Amino acid sequence: MSTVESLLSAHLSAAFSTLTGVMSDPQVHRSARADFQSNAALALAPALGLSSREVATAVVTAADLGDVATASVSGPGFINLTLLPPALNRLLGAMAADPRLGVPLVSAPETVVIDYSGPNVAKEMHVGHLRSTIIGDCLLRVLRFTGHNVIPVSHIGDWGTPFGMLLERLVEIGEDSGSLSIGDLDAFYKAARHRFDTDPDFADRSRQRVVLLQGGDPETLRLWKLLTSESARYFMAVNSRLSVLLTPSDFVGESFYNDQLASIVSELDSKGLLRQSSGAQCVFPPGFTGRYGEPFPLIVRKSDGGFGYAATDLAAIRHRALVLGGQRVLYVLGTPQSQHLEMVFAVARQMGWLDGVAVKHVGFGSILGEDGKMLKSRRGKSVKLIDLLDEAVARAGEVNPSTATAVGIGAVKYADLSSAMVKDYVFDLERMLSLHGNTSVYLQYTHARALRVIHRAGTSPRSSDLAIADGQPGIGSPDAIAGGLRIETPQERALALALLAFPGAVQAVAAELEPHRLAGLLRDVAVAFTRFYEDCPVLNAEPGIRESRLVLCDLTARVLAQGLYLLGIEAPERM
RNA sequence: GCGCUCGUAGCUCAGCUGGAUAGAGCAGCGGACUUCUAAUCCGCCGGUCGCAGGUUCGAAUCCUGCCGGGCGCACCA
């Protein structure tokens, strides 16, 4: 049992089942009126022919809660539960002694493939890649921490017709011109685009270059590799700035699937799913309709004979399920892509590739400017991701240069991860970098304060290097810690309860793939710690109380550091 | 037109998947540093949860229908 709720449920469920004759969930939740409350009596009362208060009263008298909690009936039939000191101390002691802070490893680890980030070769990463990269990285961290075998995949756009003009442009300016160096790729792409649009000869050569590329012409391939490797270096530079865990070996470009596309089409055909439509070879998964209610196609082969992106996506999902052995395959992509993905999923299911495989689109909304519209630069162009990050770091540096990167990058990431993914959000650096409100700065500041107290106490800091995936040696036996705890004031109790909710929050993110739940818990912990910090002196407290409060400081720092780590955010020791 | 999605305080957002009196931050007003980081904290002000029905002991949350915003709907990914 990893959460307090489940511990209380276990104690109550016996009483409920003897009363009703069936096993039922006691529905234990956090409560504003007590530590926890059980709501099941209200739901069960009608079937038993009793009033809900009678049911609740019967359960309370029958329940054997030992020294875990006290229970009382409240209102129309709620059962209020208050943890008793021995149980509270045991739970905290176990958490403090556990390098994993009470977060259990899953009993049945799964292979989980996560598709995220996915920038395009020879193009700047822009805000559109920000959310996918950040959310994907967070899910990677959380799923790995809970014990799953996670395979990250950045589906790089490294193939297709645009490469004709890009390569032709490369030939034109010469590969030693320096325009390929990191940071100049955007200018390079725009120049190629411009040449393509304005010079018919160049456009012709570009089209021929596509044919050469697809035909495997050695010189063309050499140039193509030059472009892709240079882009990979650039992506890594951005990933590094973002503290994202992706490595070059996680980049699996569209080109990787090239030699599988023909077999994809023939497989579809042999299953009878392929149909000609307007010269293109298509699959029409049931249930998808177009503008006029007509069947809507997934185009796997275009009328010009080229493969569409749907073919690549089908090859990718097959590879992930059948070759990589993904039991879960996640796609961290914007919600506008949902229909396309659903169609890919549907076809993959029809093909039998997904038996026993759970696929899910982890969709997210758009980033908006302060005008409430899709974030664009003043000139209407998409905003360069690196510019956004630089500005955040610069602003954070105005307050404190030594923590500029941790605070600036953290603020951008936290703003993204702390709100519900499905919704759009407004990119507002001022709000993100505020010390008030639900921001990473506040969490980092709280972490630094908690750590400061420990330092001042002369105890060795145990939190500073805890932000790791595999945990850290504990600080003592659970019983020894529990025996020394004296959780007495309301502030101490509130902080203790907030800390104990950490494992459940991590598990919730792993199950629901919603990082903002963890963010919300960290915020709760920080608020609770701040009130504790204001009202409960640590260093000057009497012996006994002092040690107990130091444990709370230590746990707070560790939970915040580990939680921020799982979100992909650094936790500086000082601010 | 069809589909997906969102609508909660003046603004930006939570609301733990159906629970008691809907919570934060910003903005506004008023307070608190001789004490572990005031980059902080406390108090006040502020809500017919878009509208209308339905489901039941109970709805911001679930179902239906409207209203309003966003996105998607054939060879770009």
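A residue is counted as near a strand if one of its heavy atoms lies within 4 Å of it. The views below are taken from a predicted model.

**View 1. Residues that surround RNA strand B.**
In this predicted model, RNA strand B is surrounded by 62 residues. The closest of these are Glu-254, Lys-302, Tyr-309, Leu-435 and Tyr-533. Of the atoms of RNA strand B that come within 4 Å of the protein, 51% belong to sugar and phosphate. When the residues of the surface near RNA strand B are sorted by class, 26 are nonpolar, 19 are polar and 17 are charged.

Which part of RNA strand B lies 2.4 Å from an N or O atom in the side chain of Arg-449? The atom in question is a phosphate oxygen. The bases are also approached: a backbone N or O atom of Ser-303 lies 2.9 Å from a base oxygen.

**View 2. Helix 18 against helix 20.**
The axes of helix 18 (residues 490-500) and helix 20 come within 9 Å and cross at roughly 160 degrees. Angles over 145 degrees count as roughly antiparallel, and helix 18 is therefore roughly antiparallel to helix 20. The crossing of the two helices is left-handed. From helix 18, Gln-491, Glu-492, Ala-494, Leu-495, Ala-498 and Leu-499 take part in the contact. Their partners in helix 20 are Leu-521, Asp-524, Val-525, Ala-528, Phe-529, Arg-531, Phe-532 and Asp-535. By class, this contact comprises nine nonpolar, one polar and four charged residues.

**View 3. Helix 18 against helix 21.**
Helix 18 also packs with helix 21, at an angle of about 35 degrees and with the axes 11 Å apart. This crossing is left-handed. Glu-492, Leu-495 and Leu-499 of helix 18 make the contact with Arg-549, Leu-552, Leu-555, Thr-556 and Val-559 of helix 21. Five of the residues in the contact are nonpolar, one is polar and two are charged.

**View 4. Helix 4 against helix 21.**
How do the axes of helix 4 (residues 85-97) and helix 21 (residues 545-567) cross, and at what angle? They come within 10 Å and cross at roughly 55 degrees, and the two helices are therefore oblique to each other. The crossing is left-handed. Leu-92, Met-95 and Ala-96 in helix 4 meet Val-551, Leu-552, Leu-555, Arg-558 and Val-559 in helix 21. The contact of helix 4 with helix 21 contains seven nonpolar residues, no polar residues and one charged residue.

Notes
Residues numbered from 1 in each chain as written. Chains lettered and ligands numbered in written order. Predicted model: local features only at pLDDT ≥ 70, side-chain atom pairs only at ≥ 80, totals over all residues. Heavy atoms only, no water. Axes fitted to C-alpha atoms, helices over the stretch in contact; angles between N-to-C directions. Helix = DSSP H or I, 4+ residues; strand = E, 2+ residues; numbered from the N terminus. Parallel < 35°, antiparallel > 145°, perpendicular 65-115°, else oblique. Left-handed = near helix turned anticlockwise from the far one by under 90°. Contact = heavy atoms within 4.5 Å. Nonpolar A, V, L, I, M, F, W, Y, C, P; charged D, E, K, R; others polar. Polar contact = N/O pair within 3.5 Å; in protein donor to acceptor, adjacent residues only side chain to side chain.
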